Amino acid sequence: MSIVTVQLGQCGNQIGHEVFSALCSDIRGTHGLCSKKENESYHDSCMERFFCEEESGVPVARAVLVDMEPKAISQTLSMAARSGHWKYSSHSHFCQKQGSGNNWANGYSVHGPRHKEAIMNLVQKEAEKCDRLGGFFTIMSMAGGTGSGLGAFVTQCLRDAFPASFILNHVIWPYGTGEVIVQNYNSVLTLSHLYQSSDALLVHENDVIHKICAQLMNIKQISFRDVNQVIAHQLGSVFQPTHTGGEGSGYSRNPLGDLMETLVPHPEFKLLGLRNIPQMPENSLAYSTFSWPGLIKHLRQMLIANAKMEEGIDWQVRPPHPGSSIPSTNKPLHFNTSVANLVILRGKDVHSVDLGSFQDPALYTSWLNPQDAFSAWKTPRAFNKYEKSASLVSNSQFLLKPLDSIVGKAWNMFASKAYLHQYTKFGIQEEDFLDCFTTLEQVISSYTNL
Amino acid sequence: MTQSVVVQVGQCGNQVGCRFWDLALREHAAVNKKGIYDEALSSFFRNVDTRSGGNGPDIYKGKICSLKARALLIDMEEGVVNEILQGPLRDVFDSKQLITDVSGSGNNWAVGHKIYGCQYRENIVEKLRKTAEHCDCLQCFFIIHSMGGGTGSGLGTFVLNLLEEEFPEVYRFVTSVYPSGEDDVITSPYNSVLAMKELNEHADCVLPIENESLFEIVNKIHQMISSGKLGSTVKQNSLVTSSAGSSKTIQEKPFDAMNNIVANLLLNLTSSARFEGSLNMDLNEISMNLVPFPRLHYLVSSLTPLYTLADVNVPSRRLDQMFSDAFSRDHQLIQADPKHSLYLACALLVRGNVQVSDLRRNIERLKPSLHFVSWNQEGWKTGLCSVPPVGHSHSLLALANNTCVKPTFIELKDRFMKLYKKKAHLHHYLQIDGMEQSCFSEAISSLSDLIEEYNELDATKGGPRIDPSRLKIAV
C-alpha cells in the first residue's frame with residue numbers, strides 16, 4: 001500500500017525533502033546485513049510505499065508540496081532534482097506568492113478555502129497513482145501560519161474526501177524560547193483542530209532534536225538541515241518496511257493502519273512520541289558496537305523516565321509495584337504511564353531479542369491488557385548503516401508536560417488579549433480560541449489521569 | 001514572491017530613498033551574477049524594455065533590460081528630485097513616477113497635508129494605481145519621510161491615509177525621521193505631533209529614526225577607522241554608512257553616511273522576503289509578531305555589525321559580539337535604551353552564514369538581562385536569511401517593540417506643549433483651510449493616550465508574575 005505525503009509550509013517541505021532523501025539512500029545502500037533477496041524485497045516494498053516509477057528510472061516521490069510563498073518549495077524541488085537519485089513530480093506542488101504571515105487564521109480561514117480545490121486536486125492525482133492507497137502522512141510545523149493553519153484545514157479536507165483512509169500528522173513543536181512570537185496561539189489552534197480530523201499526531205520537538213544534534217551527533221554549528229536530518233532518520237526508522245506479523249511473514253502491506261491499530265486504541269489519546277537509539281555521527285558508527293539487551297534496557301528506561309535521548313537518563317525512576325492497585329494520583333512522580341507502545345527493531349540478530357520487559361503491566365494504564373498495549377515489529381534488514389537500531393513509538397505521557405507548557409503560555413497571552421486583533425481580522429474570534437483551549441485542557445486532563 | 005513599493009516624500013524622504021535605491025542595486029548586483037531578472041529583483045524593480053519608450057509591458061523573465069524602481073517620488077520643491085534625476089540614478093526612475101511642485105510647504109504640516117494633499121490627491125492616487133498594476137502581488141508600501149518638516153510630514157501622512165483607503169490589504173511600513181532637540185525648524189514639534197496622530201491611526205508599523213543616533217553611529221565609525229586601533233583594515237564597502245561600490249563616485253554629501261544607515265535598515269528588513277534562507281521571515285510576519293495591540297506599532301531598530309574587518313575567518317566570539325551589540329544603547333537608531341525598558345516583542349533577522357544553534361545560544365545568553373512583559377516571556381521572532389549584505393559575512397537586524405520609545409514621545413510632547421501654551425506660530429496653521437484648534441487638541445490627545453498605554457505596560461515591569469488561572473475541566 002502506498003502512502004501519500006503532504007508537505008505543508010517551509011518546515012514541512014524542508015523536512016519532507018530530508019525524509020525522502022533518507023529513505024532513498026537507505027534502500028540504495030549496501031549495509032543491509034541481509035540476503036540479496038531480502039534486500040530486494042525491502043527495496044521494492046519501500047518503493048511501493050513512497051515512490052512511483054517513471055520512464056526515466058528516477059523514482060518520483062509520492063508527495064504533494066504546498067506553501068503559500070515560493071522560496072521554500074523551489075529550494076526543495078531543486079535540491080531533490082540535483083541529487084540524481086530521486087525527485088519530486090513537476091506537477092505536484094502548489095504555491096502562492098504571499099505567505100501566511102505566521103497567522104493561523106490567515107492559513108485556515110483565508111488560504112484554506114481559497115485554494116482548497118487546487119490542493120485537493122493535486123492530492124487526488126497522487127492518490128490515483130497508487131495501486132492501493134494506504135493513507136496520508138502530512139508534515140507541518142505548528143508555530144507558523146501555513147503549515148499550522150492551512151495544514152489544519154487540509155487535514156480536515158483529507159478527512160472529508162477520504163473518510164476511510166488513515167491520516168497521520170507529523171507535527172513539529174517549535175523551540176520553547178521562540179521562533180515565532182505567536183507560536184503558542186498557532187500551536188493551540190492547530191492541535192485542537194487536528195485532534196478532530198486526524199487519526200494520530202506524531203510529534204517531534206525542536207528542542208529535543210537540537211540536544212541530540214549537540215550531544216550525540218557532536219555537531220558544532222547546528223543548522224536546521226542537521227535537525228531535519230535527525231528527524232528524517234527517526235521517521236525512516238518507523239516507516240521503512242517492517243515485518244509486523246512475526247518471523248517469516250512478508251513486509252507489512254498496511255503501515256499506517258498497523259500503526260494506528262497498535263497505538264491508538266481510544267480517540268482521546270492521539271499524541272505519539274518517538275525515540276530512536278542509538279544515534280551518533282556517521283563516522284563513529286564503524287567503531288561502535290551495541291548489544292540488544294543494552295539497547296532494550298536503555299529504551300525501556302527512556303520510556304519510563306521520559307528521557308529524550310540515551311544520555312542523561314534518570315535511572316532512579318521505577319514503575320509502581322505490580323499487582324497493587326494504585327490510583328494514578330499516587331503513582332511515583334516522573335513516571336511515564338503509557339497507553340500503548342510499539343518497539344521497532346532493525347538489524348542483526350533481531351529475532352533473538354527478548355522484549356518481555358516492555359510487557360510489564362506496571363508500565364501501562366489499567367484499561368488495556370499489556371499484550372494488547374504492546375507490539376513489536378522486528379526486521380533483520382539493517383537501517384541507514386546502523387548495525388542495530390531500536391525505535392519506540394509511544395502513546396504515553398511523553399508529551400504531557402510540553403503540551404501543558406504550550407497551553408499555559410498561550411493562555412497567559414490570551415488573558416491579556418495580546419495579538420488577538422491579528423486573528424479576529426481573519427475570522428477567528430475569541431470564542432474559537434476558548435473552544436480550542438477547552439479541547440486541549442481535556443486532552444491534558446485525560447493524559448494526566450492515566 | 002511579492003513586490004513592495006517605496007513612496008518617498010519630502011527632502012529627507014527623497015534623500016534617504018535615493019540612498020536606498022543605490023544600495024539596493026549594489027546588493028542585487030553582488031548577488032545576481034548572471035544578469036537574469038529574477039524574483040528577488042522583482043520585489044523592488046521592474047524590468048522594462050526601454051526601446052519602446054518605456055511604454056511596453058514589463059518583462060518578467062530573462063535578461064535584465066532596464067531596471068525601474070517601484071517607487072513614487074513626491075516633493076513640493078523641485079531641488080532634491082531634480083538632483084536625483086540628473087544624478088547617476090536617473091535611469092532607475094520612471095519620469096511618470098514623480099510628483100513635484102515649486103514652492104515647498106514652508107515647514108508647515110497643514111500646507112503639506114491639507115493644501116497639497118487636496119490639490120494632488122487624484123494625481124497621487126492615479127500614480128499609485130499605476131505602480132500597483134505593475135505588481136503581480138503587492139505586499140507592502142514603504143513610506144520614507146521626516147516628521148519635522150512640512151512636505152514629508154504633512155503630505156507624507158496624507159499619502160499614508162490615502163494608502164489605507166485605496167489599498168487596505170497592503171501593509172504600510174513607515175520609516176519616520178524624528179526631529180532632534182536642536183532641530184533648526186522651530187515648528188517641528190507641531191509638525192511631528194500632527195503627523196504622529198496619523199501614524200497612530202493609519203500605519204501598520206513605524207520605524208522611528210533619530211538623527212542624533214545616526215550621527216553618533218557615523219562618528220563612532222570614523223573614530224574606529226581613524227584611531228587605527230584595529231590591527232587589520234576595515235573593509236570599506238562593509239561600513240553601514242558607506243556607498244562604496246555603488247553608483248556614487250562624487251564626494252559624499254554630509255547626510256549621505258547617515259542616510260545609508262537607514263537605507264541598510266530597509267534592505268535588511270526585506271532581505272528574508274527577497275532571498276532564501278532556512279527560516280524565512282516575510283514582511284507580513286514582522287507585523288504579525290511585533291504588533292500585539294494595534295496602536296503599539298513603533299519598532300526600535302538596530303543594525304550590527306557597523307563594519308567588518310578584512311579577515312575572513314570569524315570566530316564565534318565575534319558572532320556573539322554582534323548579538324550583544326544589537327542590544328546596546330549605541331547601536332539603536334533612536335535615542336533609547338531597550339535593555340532597561342520593557343520588551344513587548346523582539347525580532348532578530350540574521351543574514352549570512354549563521355545557523356540556528358548560534359541564534360539559540362545567543363538568545364539564551366542575552367535573555368536574562370532583558371525584561372519581557374509577563375504575557376510574552378519568550379517573545380522572540382527569528383529569521384535566518386542565507387544571503388549576507390555586501391561586504392559582510394553575516395549581519396543582524398534587531399527590531400524591538402519596547403517601551404523605550406516612550407521618552408522620545410514624551411520629549412516630543414513637551415516640546416509641543418512649550419510652543420502650544422504660548423500659541424506660538426499657531427496662526428500659520430489655523431489660517432489654512434480645514435485646520436482648526438481641534439486638530440491640535442486631538443493630535444496631542446492621541447499622543448498622550450499612546451504614552452499612557454506605554455506607561456501602563458511599564459507599570460507591570462518587575463512586578464510579581466501572576467499567571468491567570470487555567471480552565472478547569474470536569475473529570
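User: Which residues are buried in helix 7 of chain A?
Analyst: This is a predicted model, and in it helix 7 of chain A, residues 206-216, has A:Asn206, A:Val208, A:Ile209, A:His210, A:Ile212, A:Cys213 and A:Leu216 buried.

User: And what covers them?
Analyst: The cover includes strand 8 (167-173), strand 9 (200-205) and helix 8 (224-239) of chain A, together with helix 11 (356-366) of chain B.

User: What about A:Glu205, is it buried or exposed?
Analyst: A:Glu205, which lies in strand 9 of chain A, counts as buried because its relative accessibility is 15%, and buried means under 20%. Leaving aside neighbours within four places in sequence, A:Glu205 is in contact with A:Trp173, A:Lys308, A:Leu399 and A:Pro402.

User: Switching to rings, how many aromatic pairs are there over all chains?
Analyst: There are 47 aromatic pairs over all chains. One of them joins A:Phe414 and A:Phe433, whose ring centres are 5.5 Å apart and whose planes meet at 25°, so this pair is stacked. A:Phe414 belongs to helix 12 and A:Phe433 to helix 14 of chain A, so to speak linking distant parts of the chain, 19 residues apart.

User: Which kind of pair do A:Tyr423 and A:Phe433 form?
Analyst: That pair is edge-to-face, with 5.3 Å from centre to centre and 85° between the planes, and both A:Tyr423 and A:Phe433 are buried.

User: Where does the charged end of A:Lys270 sit?
Analyst: The charged end of A:Lys270 sits over the ring of A:Tyr195, 5.5 Å from the ring's centre.

Terms used
Residues numbered from 1 in each chain as written. Chains lettered and ligands numbered in written order. Predicted model: local features only at pLDDT ≥ 70, side-chain atom pairs only at ≥ 80, totals over all residues. Heavy atoms only, no water. Buried < 20%, exposed > 50% of the residue type's maximum accessible area, 1.4 Å probe, protein only. Helix = DSSP H or I, 4+ residues; strand = E, 2+ residues; numbered from the N terminus. Contact = heavy atoms within 4.5 Å. Phe/Tyr/Trp six-rings, centres within 6.5 Å; stacked < 30°, edge-to-face > 60°. Lys NZ or Arg CZ within 6 Å of the ring centre and 35° of its normal.
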